[in-house]
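Subject: Structure handover and salt bridges

Hello,

The structure we spoke about is below, with the sequence. My notes on its salt bridges follow.

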Amino acid sequence: MAAQWIEQKRRYRQYKVRTERLPANYHTALDALERYMQFFGPGKGDSLLSMLEDLVDLFEQSAANVTPIREIVGEDPVEFAETFLRNYPEGQWISREQKRLTSAIERAAGEDTGSEGLSR
């Protein structure tokens, strides 16, 4: 477990070094996306790191091609972030809560099945 944590910490540091090398406007945009995605993205370290590494790859390539920020994220940065996050469903707290809600409703509906037609 400790070895896994150390590896994740190493990967995160490498990610941060890569973000620091970006031009200022790309770095600022990436920091904002990272903050958002840490709240709504995968809660598992490996999944989160994979997502962040893919995101910095995108920004590095875009910076190298001098692609404007708006061409990367579009007019709605939240929509961009949500679309990007859909590629990393593993470990997202919202996915767990959606499954929990669905399961609870299914159980409740199953319990109600036996009492159809009975007055309460």
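Searching the whole structure turns up six salt bridges, a salt bridge being a side-chain nitrogen of Lys or Arg within 4 Å of a carboxyl oxygen of Asp or Glu. This is a predicted model, in which local features need pLDDT of at least 70 and side-chain atom pairs count only at pLDDT 80 or more, while totals for chains, interfaces and linings use all residues. Residues are numbered from 1 along each chain as its sequence is written, and side-chain values use heavy atoms, with hydrogens and water left out.

One of the salt bridges pairs R11 with E53, with 2.8 Å between the closest N and O atoms. R11 belongs to helix 1 (residues 2-20) and E53 to helix 3 (residues 45-64), so this contact ties together parts 42 residues apart in sequence. Helices here are DSSP runs of H or I, at least four residues, numbered from the N terminus. R11 is buried, at 14% relative accessibility; buried means under 20% relative accessible area, exposed over 50%, and partly exposed in between (1.4 Å probe, protein chains only).

K16 has two partners to note. With D31 the N to O distance is 3.9 Å, and this pair links helix 1 to helix 2 (residues 24-40) across 15 residues. With E34 the closest N and O atoms are 3.3 Å apart; E34 lies in helix 2 and K16 in helix 1, so parts 18 residues apart in sequence are tied together. Through shared partners, K16, D31 and E34 form one network. Within it, E34 is buried at 5%, whereas K16 is partly exposed at 25% and D31 is partly exposed at 30%.

Regards

Methods
Helix = DSSP H or I, 4+ residues; strand = E, 2+ residues; numbered from the N terminus.
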